[in-house]
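I opened these notes to record what I looked up in one model. The entries follow the order in which I took up each topic.

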Amino acid sequence: MYQAALFDLDGVVVNTEAQYTVFWGRVGKRYFPSHPHFADEIKGSTLVQIYDKYFSNQVETQSVITAALNDFESAMTYDYVPGITTFVSKLKTAGVKTAVVTSSNMQKMENVYKVHPEFKDFFNVILTSEDFERSKPDPDCYLKAAERFGLQPNQCVGFEDSINGLKAVRRAGLYCVGLATTNSEEVVAKYADIVVRDYLPSENKTAQERYNKMSSLFVL
């Protein structure tokens, strides 16, 4: 059985992806009107990577976007994805190591901690953009998380929702659980071993079978 569960943050632990789609959609509309899917293109990327790729050497523009993003994140809601707290609690009781592996920076995480003071102690490890050089879809972040626990990648399960994140899990060699919170089940299924919508049992037969399969990875 698998010994560690590694979770992305946005769209996997907290329901924030739709909010970020609004913010980055506005940025794309203003600066890249020819990129109607700009918000999707940057999902899973660190802010530094976004700037390097799309706003290189545009210091003033970067400052404007950073200030707007900080204001936006401070006002965001950080509701948990349904069932995540119970699921993680069961993992911890079963002795499974848990980590958050996010492209978000520490400043953003402080906003999460304000809403959820228990968050820091809820997971064994929290890795942010400051902890790795290359972001998703590069597997670096997930490889570092596995290494932090002294485990091989094939001993871990990665939970992701974005295309870049799903690719990172695959490239790292982890078993992949895809959350259909940001993309459709059909899209997520191209990259994931299991696709779920949340972490709750369900009266729907197919959804319950997926929940059971996900839980069986850790003998919960």
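I looked up the largest pocket and found about 410 Å³ of space in it. A pocket here is an open set of points, on a 1 Å grid over the protein atoms alone, with protein on both sides within 12 Å along at least five of seven lines, and lining residues have an atom within 4 Å of a point. The volume is the space filled by probe spheres (1.4 Å) set on the points, which are joined across faces, edges and corners. I note that this is a predicted model, in which local features need pLDDT of at least 70 and side-chain atom pairs count only at pLDDT 80 or more, while totals for chains, interfaces and linings use all residues. Residues are numbered from 1 along each chain as its sequence is written, and side-chain values use heavy atoms, with hydrogens and water left out.

I listed 29 lining residues, with Asp10, Tyr20, Ser45, Ser103 and Ser104 nearest the centre of the largest pocket. Seven of the lining residues are nonpolar, 13 polar and nine charged (Ala, Val, Leu, Ile, Met, Phe, Trp, Tyr, Cys and Pro count as nonpolar, Asp, Glu, Lys and Arg as charged, the others, Gly among them, as polar). Helices α1 (17-31), α3 (47-54), α4 (59-75) and α6 (106-115) each supply at least two residues to this lining; helices (H or I, at least four residues) and strands (E, at least two) are DSSP runs numbered from the N terminus.

I find the protein divided into domain 1 (4-15 + 78-217) and domain 2 (16-74), with bounds from an automatic or database domain assignment. Their centres, taken over C-alpha atoms, are separated by 23 Å. Domain 1 gives 18 residues to the contact and domain 2 gives 13, contact meaning heavy atoms within 4.5 Å. Each domain also contributes at least three residues to the lining of the largest pocket.

I traced an open sheet of six strands, paired in parallel in the order β3-β2-β1-β4-β5-β6; two strands pair if DSSP finds at least two bridges between them. β3 (125-127) and β6 (194-196) are at the edges with a single partner strand each, so one side of each has no neighbour in the sheet.

I located Gln62 in helix α4. Beyond its neighbours within four places in sequence, Gln62 contacts Tyr51, Phe55, Ser56 and Asn57.
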